[in-house]
Amino acid sequence: MSPPAPITLDEIVRRFGGTVLGDGSTAVNQVGTLENAQPGQISFFAQQRYRKLLDQSRASAVIVGPGDGEVTRRPLIVSDNPYVLFALLSAHFNPPEAFAPGIHPTASVDPDAEVAPSAHVGAHVSIAAGAHVGERAVIGPGTRLGRGVRIGDDCRLFANVIVYHACSLGDRVIVHGGAVIGADGFGLAMDAGAWRKIPQIGRVLIGNDVEIGANTTIDRGALDDTVIEEGVKLDNQIQIGHNCRIGAHTAIAGCVGIAGSTRIGRYCRLGGSAMISGHLHIVDNVEIGGGTAVIKSILRPGTYSGLFPASPHQDWLKNAAHIRHLDALANRVRELESRLAEIERKST
Amino acid sequence: MSPPAPITLDEIVRRFGGTVLGDGSTAVNQVGTLENAQPGQISFFAQQRYRKLLDQSRASAVIVGPGDGEVTRRPLIVSDNPYVLFALLSAHFNPPEAFAPGIHPTASVDPDAEVAPSAHVGAHVSIAAGAHVGERAVIGPGTRLGRGVRIGDDCRLFANVIVYHACSLGDRVIVHGGAVIGADGFGLAMDAGAWRKIPQIGRVLIGNDVEIGANTTIDRGALDDTVIEEGVKLDNQIQIGHNCRIGAHTAIAGCVGIAGSTRIGRYCRLGGSAMISGHLHIVDNVEIGGGTAVIKSILRPGTYSGLFPASPHQDWLKNAAHIRHLDALANRVRELESRLAEIERKST
Amino acid sequence: MSPPAPITLDEIVRRFGGTVLGDGSTAVNQVGTLENAQPGQISFFAQQRYRKLLDQSRASAVIVGPGDGEVTRRPLIVSDNPYVLFALLSAHFNPPEAFAPGIHPTASVDPDAEVAPSAHVGAHVSIAAGAHVGERAVIGPGTRLGRGVRIGDDCRLFANVIVYHACSLGDRVIVHGGAVIGADGFGLAMDAGAWRKIPQIGRVLIGNDVEIGANTTIDRGALDDTVIEEGVKLDNQIQIGHNCRIGAHTAIAGCVGIAGSTRIGRYCRLGGSAMISGHLHIVDNVEIGGGTAVIKSILRPGTYSGLFPASPHQDWLKNAAHIRHLDALANRVRELESRLAEIERKST
């Protein structure tokens, strides 16, 4: 690919907003970190603790927030939301790869599937009967679309994605490599000493503008559907159990597991490796810390945490032992309180 | 697919057991939740807290347990094990998809592999020399069977499954998309500043009626085999290290990690995100709570838990700090006890 | 494959080091565990607690450490580093499978990709324009190499591996099935009620002699690169966020999650299911216990742990409740201390 064309700071603020401080005719053609930006690139400064990196940076210009107009003498763009401006600019310089429309000769598309003429279907893709692939969708190599799957317009499925039968993706959905959408939920009934499988006949329904990370799995519903609402962002290696509903614009970091039938609200944020039990309800605007285990519903917005923090091993050995005997410790404190009260009573 | 044929309640109990209360000529043709069942569907009532949903349900009939014959006036089937009856009925209405026997033209089957004529081999499957695929097995698209792999009769491998060389699956095994069976275990020896790989020459042996979830990984043994006994059920994104043995009919929920050489008994249940250290022994009939870390062998049946529970962030900050100083707190309590004893001694 | 040729103990020590005790003409042709070794095999004894297994073993010879020359009467090889000798011997008996050079007819290789003539490219592999595959590399079936990917000499990619565009693997890198290298990092900016994607324009750079486990994911950098230095060993189902740097010869066990921009030193060891927050720095020679959450940088070498240990469920219920009220307990202890001091003051 040829490098992006340069654009001046004046032109940047004209298109994307913000205010130039310094020489607005400065031209840049790529974004970069303070640490590694080359001359001709524009960087991003957000936290005073990176001040030293800023001073040493070779970036030709920097995007800063409202209060930071004085941090450097080099050309600046001041923006109310500098990270968003940075995102817009990076997207300008780095548009998604373009793929030629058409179906790769090694792909296997059922005659009863419907692929939009503007869609791109990569090598060794298989598409089953009744599936639909929308306009300008890009289906990466080795991807598997089951019977009756619906892929909306402008979707981007990277390589080796699996979408089980009857599941549906909205428009502009991005799915990364190895993600599995619509595998059977974990439904079992114990019958005379052996587990009997409960057929999983629900689907997975995914809204518009959702992004799903590499090797993430979302199970189909047992009877009703599993639902991922619009704008949800899922990182890698997340597991979402059957019949969950994830509210719009919720963002979930890597390695999170959510057990079945849990309903998470809109605009929530779940930190990496959080574990959410099944059949819970978490309201809108809840933030769950990384590694936190949620075993009860959360009915008030706010931030919730729960991590047993790492310590040097010798300290941990002692503290872990105490934790196992906290009940005894609490009893000893109660005992002390009553003995002390008795002494105080007598000495009065 | 055409919708399932209706069946009367009388016919249901004749085939699957239970007792009809109300109009046994009521016909149903699908299962559904209390919340979303349509007229013509049969639902399932198990817990009094769903009583309101039952009252509002449009289901034409409901399966209940022995004590619940009075919960509603609509037609009922009373069963000693209502969830099993529900599973049987759902399986009746929702049989697994049928696949035509034969090998897809895009598949690559080594001439020295043996595929039963009744088996179905999907698009872009590769099967190496010496592999065997049993009768009526369904090998989903993009699946990879290594040299000498054995897949039993009536197995169902969904898409992009990987089975490494020499591993063996029993009959009626279900493997979901992206699962990897038989990758090398994590065996390393430190040699003069670099890790030296220990060849992993064991296999993975999987018994009959096992189900393996999407993106789950089971490592081959270092020398001896990794063994998954009959009837084991594994959810998604589980990691099972080399040389583990999982006892028959044990069920393991999503995101569990089991380190190498651990042996888990029969009829155990492991909650989601549980972490089991290596070289442990867990006896039969042990239940491990979700998110629980097991670092010692468990030699008595029972339920074990260990979760640091989530709290509002401000509370957690305080409690997490205390945890790191529990040893000091315990010492302070001991000190108080001896000072108090001294006072009590004097005042006697 | 034909079984390995036998080799005498005398010949073993001549080639790989160590000292024979007993009959050096004893020949062995495979390694095995004490428990399951057959006559003609050589086993490995490391820990006194396996003494009973040693006594009962049918192994024809045993490798032991310096102090263990007396543990058995059967032929021994004494080695300063017995596990390394065992690894060398196992590698001798169990060389990696040989693959014929060439490109499988079902593979799809872009005319602008460069595949070394000695490389093996398996069934249904796709290789995009600008990619390079080195000498003697083995690219397993269903693997996807994006635009401009570089695969070094003697690499071994197992099945269905995904390497996104522009990522680079050194020489002798092993990647197991389903691993995903170079998917987009989780970079989002909240803009007027919806998440805006930050393009991820960095790469993943992987050094020589790295091994990557099944279904492990390593995200590409947001702007700069994610770097995995030489000799790093990653187990299965690990997630490494964008812009992480993992130092040379660090070994990471299964299910570990490392959030973005964290830098881990050389020769570290991370236990299974450890969780490492983002933007941290962990120095060389740090060992993190299994299941441990690291939320602050670690600037001193040593061993760090943090696990809330499993207990019988009834004990856990009590202790978990106390944990949530530790702050109150600490306050009660402080109150007791001041009341007691007051009494002691008066009674003086």
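This briefing describes how the chains of the structure above are arranged and how they touch one another. The model is a predicted one. Chain A can be superposed on chain C with an RMSD of 0.1 Å by a turn of 120° and a shift of 0.0 Å along the axis. The two copies are thus related as by a three-fold rotation axis.

**Domains of chain A**

- The domain assignment of chain A gives domain 1 (7-93), domain 2 (102-304) and domain 3 (313-347).
- Between the C-alpha centres of domain 1 of chain A and domain 2 of chain A, the distance is 36 Å.

**The open sheet of chain C**

- In chain C, nine strands make up an open sheet, and their pairing is parallel.
- The order of these strands is S10-S13-S16-S19-S24-S27-S30-S33-S36.
- At the edges of this sheet in chain C are strand S10 (114-115) and strand S36 (281-282), each of which pairs on one side only.
- Within chain C, strand S19 (residues 168-169) and strand S24 (residues 204-206) run parallel and are joined by two bridges.
- Leu169(C) has Ile206(C), in S24(C), as its bridge partner.

**Where chain A meets chain C**

- Contacts link 61 residues of chain A with 60 residues of chain C.
- On the side of chain A that touches chain C, at least two residues each are supplied by helix H3 (82-93), strand S40 (311-312), helix H4 (313-324) and helix H5 (326-347) of chain A.
- H5(A) provides the largest share of the side of chain A that touches chain C, namely ten residues.
- By residue class, the side of chain A that touches chain C consists of 27 nonpolar, 27 polar and seven charged residues.
- Strand pairing also crosses between these chains: S40(A) pairs with strand S39 (residues 302-305) of chain C in the antiparallel sense, over two bridges.
- Opposite Ser311(A) stands Ser305(C), which is in S39(C).

**Where chain C meets chain B**

- Chain C has 61 residues in contact with 60 residues of chain B.
- Helix H3 (82-93), strand S40 (311-312), helix H4 (313-323) and helix H5 (326-347) of chain C are the elements that give two or more residues to the side of chain C that touches chain B.
- Ten residues, the largest share of the side of chain C that touches chain B, come from H5(C).
- The residues on the side of chain C that touches chain B comprise 27 nonpolar, 27 polar and seven charged.
- Strand S39 (residues 302-305) of chain B is joined to S40(C) by two bridges, and these strands run antiparallel.
- In this pairing, Ser305(B) stands opposite Ser311(C) in S40(C).

**A residue in detail: Tyr83(B)**

- Tyr83(B) is located in helix H3 (residues 82-93) of chain B.
- Tyr83(B) counts as partly exposed because it has 19 C-beta neighbours inside 10 Å, whereas a buried residue would need 20 or more.
- When residues up to four places away in sequence are not counted, Tyr83(B) touches Ala189(A) and Ala46(B).
- Tyr83(B) and Val64(B) are separated by 19 residues in sequence, and their C-alpha atoms are 8.6 Å apart in space.

Key:
Residues are numbered from 1 along each chain as its sequence is written. Chains are lettered from A and ligands numbered from 1 in the order in which they are written. This is a predicted model: local features need pLDDT of at least 70, side-chain atom pairs count only at pLDDT 80 or more; totals for chains, interfaces and linings use all residues. Copies are superposed by least squares on the C-alpha atoms of residues with pLDDT of at least 70 in both. Two strands pair if DSSP finds at least two bridges between them. Helices (H or I, at least four residues) and strands (E, at least two) are DSSP runs, numbered from the N terminus. Two residues are in contact if their C-beta atoms, placed from the backbone, lie within 7 Å. Ala, Val, Leu, Ile, Met, Phe, Trp, Tyr, Cys and Pro count as nonpolar, Asp, Glu, Lys and Arg as charged, and the others, Gly among them, as polar. Domain bounds come from an automatic or database domain assignment. A residue is buried if 20 or more other C-beta atoms lie within 10 Å of its own, exposed if 12 or fewer, and partly exposed in between; C-beta atoms are placed from the backbone.
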